[in-house]
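Keep the picture open while you read.

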Amino acid sequence: MSQARNNTKRNNSKNNKSNPPEHELELTQHAGLGMNNAKLDELAPNIEDSAGEFLTTDQGIRINDNQNSLKAGDRGPTLMEDFMFREKITHFDHERIPERVVHARGSGAHGYFQVYEPMSDLTRAHFLQDPSVQTPVFVRFSTVAGSRGSTDLARDVRGFAVKFYTEEGNFDLVGNNIPVFFIQDAIKFPDVIHAVKPEPHNEIPQAASAHDTFWDFISLFPESMHMVMWVMSDRAIPRSYRMMEGFGVHTFRLINARGKARFVKFHWKPLLGLHAVVWDEAQKISGKDPDFHRRDLWEAIENGDYPEWELCVQVVEERDEHSFDFDLLDPTKIIPEELVPVRRIGRMTLNRNPENFFAETEQVAFHVGNIVPGIDFTNDPLLQGRLFSYLDTQLTRLGGPNFHEIPINRPVAPVHNNQRDGFMRQTINRGQTAYDPNSLRGGCPFQAGVDMSGFASYAERIDAQKIRQRSASFFDHFSQATLFYRSQSPVEQNHIVRALRFELGKVGTPPIRERMLALLAQVDTDLANRVAAGLGASVPKKLDKPLNLSVPADADPRKFQPKKLAEEMEPSPRLRMIDNPNFTLKTIKTRKIAFLVADGFDDRSVADMKLALMKAGAQVMTVAPRLGVLTGVEGDTLNADFTFLTGASVLFDACFVPNGQASVAALQNEPEAANFLREAHQHCKAIAAHGAGAELLESAGLGESMSDAGLIIGRDGNAAALAEDFIVSIARHRHWEREPML
Ligand code: HEM
């Protein structure tokens with residue numbers, strides 16, 4: 001244990017008498033959930049709880065009047081001497097810190113990771129050896145382009161950053177929900193980010209890629225085409241953070257105790273499957289509840305529906321490094337799972353919300369450079385650039401070199417070194433020496449041998465010239481974009497076409513649209529033609545000039561043209577979201593179902609359906625013409641959770657209209673009830689109606705759709721008889737056959 005932590009603990013116990021403070025009890029009780037979370041225990045002394053305490057200044061002086069500043073007379077000027085006023089305002093004035101330059105908008109949670117079986121064949125990383133060990137984690141999900149207060153439902157990549165607090169130090173897997181990236185070389189990162197961020201002259205648009213500068217850059221940068229396919233797909237508008245994959249993106253190395261290295265790609269597979277919303281829905285959610293994903297994660301954890309992912313690896317032997325059609329070091333490429341299967345090696349469970357958003361989610365500092373023995377980097381030029389960027393940016397964002405001492409960033413492994421001083425230093429380093437080697441302190445702290453968990457970089461052989469150039473093996477920019485597009489189901493392809501029509505439709509400069517159509521034609525001609533039809537444009541026959549600007553001026557241009565290795569590729573169903581063979585479990589667990597009700601509902605109809613849905617793990621919420629208590633014909637009561645003003649169909653996964661003449665009549669007088677149903681239908685959601693409830697569907701204009709799959713109508717019998725079909729329909733997530741093809 002570091003000296004700093006000893007000190008904090010000592011102070012804390014002094015302040016909190018002999019019994020552990022309440023929050024410590026809470027954390028200890030947490031262990032009863034089957035987890036012994038060393039990081040939560042380590043954070044406990046930093047948690048402040050004001051319950052039953054006096055209000056004090058930062059110096060611990062009890063405050064007697066927090067309502068009035070000190071003045072010379074009751075109508076006189078405020079006095080300089082008012083130290084309580086000055087302290088309070090000064091602190092307030094400095095509450096804001098810079099938001100992250102990218103990924104500013106995010107949400108975090110605590111949890112733990114457990115490996116399924118010892119991974120000693122692949123790595124000596126300690127946290128991947130013992131299935132009984134629960135390694136604490138903190139995860140932050142984010143969007144990339146928007147500011148801190150922007151909507152969760154932007155069309156964007158989602159960050160998926162995991163900090164493992166291992167016994168050998170922190171390991172950060174700083175990934176995204178998309179397995180590739182826009183650029184191959186980190187020197188282009190400021191360019192792609194400047195292009196996607198709000199335009200500099202008028203700061204428009206917020207959290208959106210649908211504008212000229214983004215597509216200007218993309219249209220001149222063919223290496224982004226594979227990523228563009230993913231970002232235009234439904235992956236970029238997830239239903240929930242809990243229902244998306246995560247990827248480490250780069251190829252890393254795993255190294256075992258014998259020093260044998262292999263290449264590895266990391267994946268996270270969500271146990272709730274892969275699901276998205278539709279774009280129209282995403283835009284409406286952005287207005288109705290811009291915190292939709294943040295709220296969803298928070299509430300799931302509060303309800304005990306702990307989100308889970310399996311950590312998977314794709315492993316490639318070093319001798320196979322060059323046996324693919326693409327370069328393993330190129331971050332615009334995946335290794336198709338058909339070529340190298342994923343191995344599921346452990347599970348991560350998120351089971352605790354942060355105590356304080358700023359202290360934890362905002363101050364957490366992830367860094368791809370945080371690795372532990374048994375894991376190492378490769379020469380992927382994007383990864384290499386990232387290794388510089390994170391620590392550098394955090395120096396400014398968190399105000400100095402000591403941000404590793406902020407509680408959420410502290411490892412659970414002890415920290416001892418000769419780093420000293422700087423802004424906000426917490427550690428009180430005892431002793432005369434702060435250098436190595438020393439004799440005055442017996443050489444302490446001393447280096448660790450590899451057999452004592454000392455980190456030793458993988459001794460990769462490098463024999464090269466210093467050049468500013470990319471390998472020709474990086475210049476196939478289209479094969480995998482085509483593979484992705486052709487691997488999608490027709491519905492998902494339709495969504496990609498729609499997304500591109502939306503995005504390029506918002507571009508005001510025609511030559512940018514034309515260049516994009518030319519690039520899309522190199523991915524798939526049908527795709528380009530369909531997008532062009534929506535833009536009222538035609539696909540240019542050929543480009544004026546080669547677009548690849550990432551080649552040296554004096555290079556042979558033929559060698560560096562974007563090329564396409566595989567014309568005819570087998571589609572990879574594992575790239576889809578719909579009917580992806582990796583996600584066969586059909587569940588409605590944690591799905592939100594709206595019951596549209598008013599006074600006079602049929603008590604049995606509501607009770608039967610509610611029971612069946614809740615048994616299947618769904619959440620039932622009522623939407624009514626007014627808030628307060630609603631009464632059924634037989635006297636049962638229900639609390640209205642939402643009105644038609646505060647709730648909307650886009651916030652739910654499915655809806656049910658129960659029987660009850662009076663209830664249905666009241667809903668027929670509420671125009672928003674009909675809109676609710678029409679919108680749910682338009683977004684392809686499951687809808688059920690029982691008895692008189694069917695009349696509401698008819699008056700909403702859905703009479704002709706009554707035989708649609710996903711519309712479960714039962715005029716007679718009881719609601720329980722409908723429940724089974726309704727559950728199957730919700731588990732399908734969406735009934736896409738309703739959607740018009742473009
Ligand atoms: C594969 C490509 C990349 C992935 C998967 C990725 C992922 C992420 C994630 C998940 C975050 C948010 C971390 C958090 O939640 O706090 C982040 C932040 C950031 N990324 Fe990246 N990134 C990538 C490429 C890059 C590159 C190439 C650079 C720069 C050369 C870069 C610079 C940054 C910076 C400066 C931050 C803000 C960090 C902070 O303020 O704490 N990223 N990135």
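Q: How many aromatic pairs does the count come to by this rule?
A: The count comes to 28 aromatic pairs. The rule is that rings of Phe, Tyr and Trp (its six-membered ring) pair if their centres lie within 6.5 Å, and planes under 30 degrees apart count as stacked, over 60 as edge-to-face and the rest as tilted. Before we go on: this is a predicted model, where local features need pLDDT of at least 70, side-chain atom pairs count only at pLDDT 80 or more, and totals for chains, interfaces and linings use all residues. Residues are numbered from 1 along each chain as its sequence is written, and side-chain values use heavy atoms, with hydrogens and water left out.

Q: Why is the pair of phenylalanine 127 and phenylalanine 164 called tilted?
A: Their ring centres are 5.0 Å apart and their planes stand at 50°, so the pair is tilted. Phenylalanine 127 sits in the loop between β1 (106–115) and β2 (135–143) and phenylalanine 164 in strand β3, so the pair ties together parts that are 37 residues apart in sequence. Helices (H or I, at least four residues) and strands (E, at least two) are DSSP runs, numbered from the N terminus. Both rings also belong to one aromatic cluster, whose members include Phe113, Tyr241 and Trp309.

Q: Are phenylalanine 127 and phenylalanine 164 buried or exposed?
A: Buried means under 20% relative accessible area, exposed over 50%, partly exposed in between (1.4 Å probe, protein chains only). Phenylalanine 127 has 2%, so it is buried. Phenylalanine 164 has 0%, so it is buried too.

Q: What makes α12 mostly covered?
A: Eight of its nine residues are buried. Among them are Gln480, Thr482 and Leu483. Serine 479 lies in this helix, and its relative accessibility is 5%, so serine 479 counts as buried. What covers the buried residues of α12 includes α7, α13, α14 and α15.

Q: Which residues have the most contacts inside the largest nonpolar core?
A: They are Phe182, Trp215, Met229, Leu500, Leu520 and Leu527, in a core of 52 residues. A nonpolar core is a set of buried Ala, Val, Leu, Ile, Met, Phe, Trp, Tyr and Cys residues joined through side-chain atoms within 4.5 Å. Elements that give two or more residues to this core include α7 (225–231), α12 (479–487) and α15 (525–535). Apart from it lies another core, of 50 residues, with Leu122, Ala125, Phe252 and Val372 among them.

Q: What does methionine 229 touch?
A: Leaving out residues up to four places away in sequence, methionine 229 touches Ala481, Phe484, Tyr485, Ile496, Leu500, Leu520, Val523 and Leu527. Touching here means contact, with heavy atoms within 4.5 Å.

Q: Which residues are the closest around the ligand?
A: 24 residues surround the ligand, and the closest are Arg100, Arg140, Arg386, Tyr390 and Arg397. A residue is near a molecule if one of its heavy atoms lies within 4 Å of it. Helix α11 gives the most to this shell, with seven residues.

Q: How do you know that arginine 410 makes a polar contact with glutamate 42?
A: A polar contact is a pair of N or O atoms within 3.5 Å; within protein, one must be able to donate a hydrogen and the other to accept it, and residues adjacent in sequence count only if both atoms are side-chain atoms. The side chains of arginine 410 and glutamate 42 make one at 2.6 Å. Arginine 410 makes another through its side chain, with the side chain of asparagine 46 at 2.9 Å. Arginine 410 lies in the loop between α11 and α12, and with a relative accessible area of 10% it is buried.

Q: Is serine 453 buried, exposed or partly exposed?
A: Its relative accessible area is 34%, so serine 453 is partly exposed. Its place is in the loop between α11 and α12. Phi of serine 453 is near 70°, a positive value in a residue other than glycine.

Q: Why does threonine 590 count as buried?
A: Its relative accessibility is 4%, so threonine 590 counts as buried. Phi of threonine 590 is likewise near 70°.
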